[in-house]
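Work through the exercises below with the sequence and the 3D view open. Try each task before reading its solution.

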Amino acid sequence: MIGGYVARRTWLHALPAGVKLVGLVTSSLVLLGVGDYRILLGVLALVALLYVNFGRDGWMRLLALRPLLPLLLIVGALQGYSAGWEAGAAVVVRLVAMVLLADLVTMSTTMSALMEAIEPPLRALGPRLVNPKKVSLAVALVLRFVPVLMTRWQARREAWQARSNRRVPLRLVAAFVAETLQLADQVAEALDARGFDAVSPRTPN
């Protein structure tokens, strides 16, 4: 699960986790309001340049996005069919930019730092409404799962292509889904073994 974090120190590592999360949310909201694909392409280029700070690790993370291309093309084609090719291009570029921004956060922030940044605002809601530790862990796990699963799929895909020139078969996708479910079970068992599920907010009598 910690595979999403890159230990190589950059200026992004020095930023507080809370600042990066607020920046991620703010930039995502701003991108949602931009409809011009040319502006979005410029933003995407700037975001991609940030990966230069991570050297080879950053380049490998960009390449790990390749499995998403078929899905992005389908989304772009559907949007282009209904609203025009410019709208379809804007949707695809926006999604890629948002994924890359989220990945920058996971690359430069440890899970413990993410949890510490998420917990304070959740505590303000009160223990009756939400368990801050559980919710912050859930958010951190989601952020960590995405790059880890992408890396694992990329490894499976490259291993298949090294053995065969044919397209990736459905059975490989099924095996990947089974592996993902098994990983989720392992994480759940690890949390149970550490007694995390037993931790619950105290409620007044």
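## Exercise 1: Two salt bridges

Asp36 forms a salt bridge with Arg38, with 3.1 Å between the closest N and O atoms. A salt bridge here is a side-chain nitrogen of Lys or Arg within 4 Å of a carboxyl oxygen of Asp or Glu. The model is predicted: local features need pLDDT of at least 70, side-chain atom pairs count only at pLDDT 80 or more, and totals for chains, interfaces and linings use all residues. Residues are numbered from 1 along each chain as its sequence is written, and side-chain values use heavy atoms, with hydrogens and water left out.

**Task.** Find how many salt bridges the whole structure has, and state whether Asp103 and Arg61 are buried or exposed.

**Solution.** 
- Step 1. A search of the whole structure finds 2 salt bridges.
- Step 2. Take the pair Asp36 and Arg38. Asp36 is partly exposed, at 25% relative accessible area. Arg38 is exposed, at 56%. The cut-offs are under 20% relative accessible area for buried, over 50% for exposed, and partly exposed in between (1.4 Å probe, protein chains only).
- Step 3. Now take Asp103 and Arg61. Their closest N and O atoms are 2.4 Å apart. Asp103 lies in helix H6 and Arg61 in helix H4 (residues 56–63), so this pair ties together parts 42 residues apart in sequence.
- Step 4. Both Asp103 and Arg61 are buried.

## Exercise 2: The overall fold

**Task.** Count the helices and strands of the protein, then find what share of its residues is buried.

**Solution.** 
- Step 1. The protein has 9 helices and 0 strands. Helices (H or I, at least four residues) and strands (E, at least two) are DSSP runs, numbered from the N terminus.
- Step 2. Read from the N terminus, the elements run α-α-α-α-α-α-α-α-α.
- Step 3. Of the 205 residues in the protein, 35% are buried.
- Step 4. Look at contacts (heavy atoms within 4.5 Å). Among those between residues at least 6 apart in sequence, 74% join residues at least 24 apart.

## Exercise 3: The largest nonpolar core

**Task.** Which residues touch the most other members of the largest nonpolar core?

**Solution.** 
- Step 1. A nonpolar core is a set of buried Ala, Val, Leu, Ile, Met, Phe, Trp, Tyr and Cys residues joined through side-chain atoms within 4.5 Å.
- Step 2. The largest such core has 25 residues, and Leu100 and Leu104 touch the most other members.
- Step 3. Helices H2 (17–32), H3 (37–50), H6 (85–108) and H7 (111–123) each give two or more residues to this core. H6 supplies the largest share, 9 residues.
- Step 4. Follow Leu100. Beyond its neighbours within four places in sequence, Leu100 is in contact with Leu44, Val47, Tyr51, Leu62 and Leu65.
- Step 5. In soluble globular proteins, nonpolar side chains tend to be buried together.

## Exercise 4: Confidence

**Task.** Where in the protein is confidence lowest, and where is it highest?

**Solution.** 
- Step 1. The protein's mean pLDDT is 77, and 70% of its residues reach 70 or more.
- Step 2. Confidence is lowest in helix H8 (residues 132–163), at a mean of 67, and highest in H3, at 92.
- Step 3. Check residues 198–205. There pLDDT stays under 50, and the model has 7 contacts beyond four places in sequence for these residues.

Definitions and conventions:
pLDDT is the predictor's confidence in each residue, from 0 to 100.
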